[in-house]
Structure formats: structure tokens, C-alpha cells
Amino acid sequence: MDSTETQQNILRGVMDRWKSAVDAHKPQQVASCFTEDAIFQGLHPYSVGRQGVAQYYDSQPLGLAADYEVLETRMLAEDVLLGYLSVHFSFTDRPSIRVSLSVVLRRIGGEWYIGHYQVSKLD
């Protein structure tokens, strides 16, 4: 397996856990994908830490679903991975939105977590 494939597999592993929790509307489970000190920037003011992530996803409507495509990955250090993705959020009661998402993953105790999450809505 080449390094790009390895990087994408790491990123997909984390983002699949994130997607599953988002789709199931389980805010605490979403938050568990993040580091304790994660910087989180959705489409509202940013927060730091898992509690802010949980509050953000708890405020999202039931039926929210996320589909993503990995666009780029870069290994920044042995335990730090940058991911750039396109994410399509669909809703049951309004038009869907497409965003660009940058994440920085950190490996802690052998597990990968999101340490930085930055959404950009590009029209």
C-alpha cells in the first residue's frame, strides 16, 4: 500500500465514524471523533473542545446526512495528517449544501482524532 493510499485509509476511517454519528444524530458520538482540545469551525462561530462539537451537532436537525469525498491528504508529521474533502450535507426539510472541509488529524494513543475542523461554504 503506498503512502497516499495509507493516508486516505486513515482519513476515511475517522470520517466514516464521524459520518455514521452525524447521520444517526448522535452528538456525543460525533464529539468522540475529536480531540479534547479540537478547534471546530462549522457554519457557526467556532468552539474549542468536544463539548462545543456536541452542542453544534445537537443543534442540527434530525435527518441531517453527510456524504464526503476525499480530495487531498498530506502527512504533516508521523502523528499528524491533513485532509481536504468535499462534503454534501442533505436535510429533510431544506435544500442540501456542499462545503469544503479541511481537517487535521492527530494520532493519540494509537487512535486518530480530528484536532482541527474548518468548513468553507463556496458558492
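These notebook entries record what I looked up in a predicted model.

**Entry 1: Conventions.** I number residues from 1 along each chain as its sequence is written, and my side-chain values use heavy atoms, without hydrogens or water. Because the model is predicted, local features need pLDDT of at least 70 and side-chain atom pairs count only at pLDDT 80 or more, while totals for chains, interfaces and linings use all residues.

**Entry 2: Helix 1.** I took helices (H or I, at least four residues) and strands (E, at least two) as DSSP runs, numbered from the N terminus. Helix 1 covers residues 3–23. Which residues of helix 1 are buried? I found Q7, I10, L11, V14, M15, W18, A21 and V22. They cover an arc of only 115 degrees around the axis, so they lie on the same side of helix 1; the arc is that of the directions from the helix axis to the C-beta atoms. Here, buried means under 20% relative accessible area, exposed over 50%, and partly exposed in between (1.4 Å probe, protein chains only). After helix 1 comes H25, with a positive phi near 50 degrees.

**Entry 3: Salt bridges.** I counted a salt bridge where a side-chain nitrogen of Lys or Arg is within 4 Å of a carboxyl oxygen of Asp or Glu. By this rule there are seven salt bridges. In one of them, the closest N and O atoms of K19 and D23 are 2.4 Å apart. Both residues belong to helix 1, four residues apart, or about one turn of the helix. K19 also meets D67 in a salt bridge (3.4 Å, N to O). This pair links distant parts of the chain, with K19 in helix 1 and D67 in strand 3 (residues 65–77), 48 residues apart. I noted that K19, D23 and D67 are linked in a network of salt bridges. D23 is partly exposed at 31% relative accessible area, and D67 is partly exposed at 41%.

**Entry 4: Strands.** I treated two strands as paired if DSSP finds at least two bridges between them. Strand 1 (residues 34–41) runs parallel to strand 6 (residues 111–120), joined by four bridges. Q41 stands opposite Q118 in strand 6. Strand 5 (residues 97–108) runs antiparallel to strand 6, with nine bridges. L105 has I114 in strand 6 as its bridge partner. Strands 5 and 6 form a hairpin with two residues between them, and G109 in the turn has a positive phi of about 60 degrees.

Methods
The expected span of a helix is 1.5 Å times one less than its number of residues.
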